[in-house]
Amino acid sequence: MYRLRVLYNYGHSALHSSRITCRRAFSEATAADVRARLLADLKSSMKTKDTFASTTIRSILAEVYNADKASSDEKISSSAITSLIRKAAARRADSTSQFIQASRPDLAEKEQREAEFLSSFLPPLLPEADVDRVLREVISEQSVEAQSDPRKALGKVFKAFYSKVDKSTVDPGVVKRRAETLLTN
């Protein structure tokens, strides 16, 4: 009853400002969890009637829920969700180039916007210098010999590297290229 009187006396702006404050605090508190951030942004985009954002987030959440059902655990980890988002952004970037080749700039622009939107949910990739540093540490710890089978040596390096570094924070192509270069030298 008191809340209604306050709203009646102070108008709509008091309610609006309290919602904004609550939403801001909620989004800052859940920034570390990708799933919670996706759900919060979906809710926010639905409230603001942003169909582009809500449709894009729903497509990602559908992939997350499918991965949840397929996994033996209850829910997949935040790093797995991050890699799903990276794959979805890469698919959209690939679609953009295909639409440009097919002379469909309208669809290419839509896919490009979606790829950029999904990239906002991704943490920055580990720089190549840091990848090199960790790979050198791993190679020195493993004491990988050049005479051994290169595929086995590369497998050991990858296993040790990914035990130290989260797979969703690096580009696998860069890691493979740099590991092969460091092993041949």
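Student: At what angle do helix H5 and helix H6 pack, and how far apart are their axes?

Tutor: Two packed helices are described by the angle between their axes and the distance between those axes. Here, in this predicted model, H5 (residues 78-101) and H6 (residues 105-119) pack at about 160 degrees, with axes 8 Å apart. Axes are lines fitted to C-alpha atoms, for helices over the stretch in contact, and angles run from 0 to 180 degrees between N-to-C directions.

Student: Which word describes how H5 and H6 run relative to each other?

Tutor: Angles over 145 degrees count as roughly antiparallel, so H5 and H6 are roughly antiparallel to each other.

Student: Which residues make the contact?

Tutor: Contact means heavy atoms within 4.5 Å. From H5 the contact includes Ile85, Ala88 and Phe99, and from H6 it includes Leu107, Glu111 and Leu118. By class, the contact of H5 with H6 has ten nonpolar, four polar and three charged residues.

Student: How many helices and strands are there in the protein?

Tutor: Helices (H or I, at least four residues) and strands (E, at least two) are DSSP runs, numbered from the N terminus. This protein has nine helices and zero strands.

Student: What percentage of the residues is buried?

Tutor: Buried means under 20% relative accessible area, with a 1.4 Å probe and protein chains only. Of the 185 residues, 29% are buried.

Tutor: On reading the model: residues are numbered from 1 along each chain as its sequence is written, and side-chain values use heavy atoms, leaving out hydrogens and water. Local features need pLDDT of at least 70, side-chain atom pairs count only at pLDDT 80 or more, and totals for chains, interfaces and linings use all residues.

Note on methods: Angles under 35 degrees count as roughly parallel, over 145 as roughly antiparallel, 65 to 115 as roughly perpendicular and the rest as oblique. Ala, Val, Leu, Ile, Met, Phe, Trp, Tyr, Cys and Pro count as nonpolar, Asp, Glu, Lys and Arg as charged, and the others, Gly among them, as polar. Buried means under 20% relative accessible area, exposed over 50%, partly exposed in between (1.4 Å probe, protein chains only).
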